[in-house]
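Biologist: Hi! Could you walk me through this fold in plain words?
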Amino acid sequence: MSVVIIGESLNATIPAICEAVKKHDKEVIQRVAKEQVDADADYLDLNAQVTGCDEMIDLPWMIETVREVTNVPLVLDSSNPPAIRHALETIDWRGQYPIISSITNKTGSPQTLLPMAAKYNTGIVALLLDDNGITHTAKGRMEICRELVKKARDAGVPDHNLWIDPLILPIGTDDHVGTISFELLQMMKAEFPKVRSFCGLSNVSFGMPHRALMNRTYVAMLAANGMEGFMINPRVKEMCAMVYAIRALMGEDEKCGKYIAAHRSGVLLTPMTDEQKAKLAEKAAQEEERARKKAEREARRAAAGGTAG
């Protein structure tokens, strides 16, 4: 098992990305893509759904724009199956097909995207959701997982191309949200060892103080319980540092090379608080003042010595 980071920032629900999609602004899209890849993202999630625009045009444009500056694989995040089909059919993927997102176990849902995933050998995300909504027990979600795995297999999708999203709910709504995911992941790995797992993190901390702390703590706990794919913003320094540490501790970083390189480049340093910055600035000012006074004293002594001579 290896930890896979999916950069979440090329999503048209983000105002700046929405405007870039509307205007077909390559500079913005490519800058954000490169920033996420530079922060060690393994995949980039792309969402080009903008109200009033044509995703049949915008999604291929976004894909080609990103592929001009990076060759990392993509996740096509869309609720519009025809747009996904059009992108799969018209783009030269050069053998590196994306992950497509997503299906559920609701009536009719898998029938739309599963044949595409089988035909093009893409990955596909499956949400553990059915006509009754979200089940609030690990056993209940595991039943949905079994049904989705069967439907994927019947459609010709191999287990390793199926990514199960257990659906992370806010911890503020249920004390057992965290532990349900751990139990479910262990059940999935025992029964379907080749099926992969995927989640978006930010929902777990909704309504909580210090959300970033809770999110990155949960990443480490989920990884320890078998979660593989994390949709996050790798440009957030604390989260990026956490991922480097996780990969090193899970034996995925040979001789801790990337962890050490991240240390040398300052990635592992925790950003200072405003109070710490103010204290550091005050200390620097004091040192500068002492240096100035010392220089003045030495100048006066030198002048006095010259006069006496």
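Predicted model: local features only at pLDDT ≥ 70, side-chain atom pairs only at ≥ 80, totals over all residues.
Biologist: In what order do the eight strands close into a barrel?
Modeller: They go β1-β2-β3-β4-β5-β6-β7-β8, with parallel pairing. Strands here are DSSP E runs of at least two residues, helices are H or I runs of at least four, and both are numbered from the N terminus. Two strands pair if DSSP finds at least two bridges between them. From one strand to the next, the twist averages 30°.
Biologist: How many bridges join β4 to β5?
Modeller: Five, between residues 99-105 of β4 and 123-130 of β5. I100 is opposite I124 in β5.
Biologist: New topic: at what angle do α3 and α4 pack?
Modeller: About 45°, with the axes of α3 (residues 55-67) and α4 (residues 81-90) 9 Å apart. Axes are lines fitted to C-alpha atoms, for helices over the stretch in contact, and angles run from 0 to 180 degrees between N-to-C directions. The two helices are therefore oblique to each other (under 35 degrees is roughly parallel, over 145 roughly antiparallel, 65 to 115 roughly perpendicular, the rest oblique).
Biologist: Which residues meet there?
Modeller: E55, M56, L59, P60 and I63 in α3 meet P82, A83, I84, H86 and A87 in α4, contact being heavy atoms within 4.5 Å.

Conventions
Residues numbered from 1 in each chain as written. Heavy atoms only, no water.
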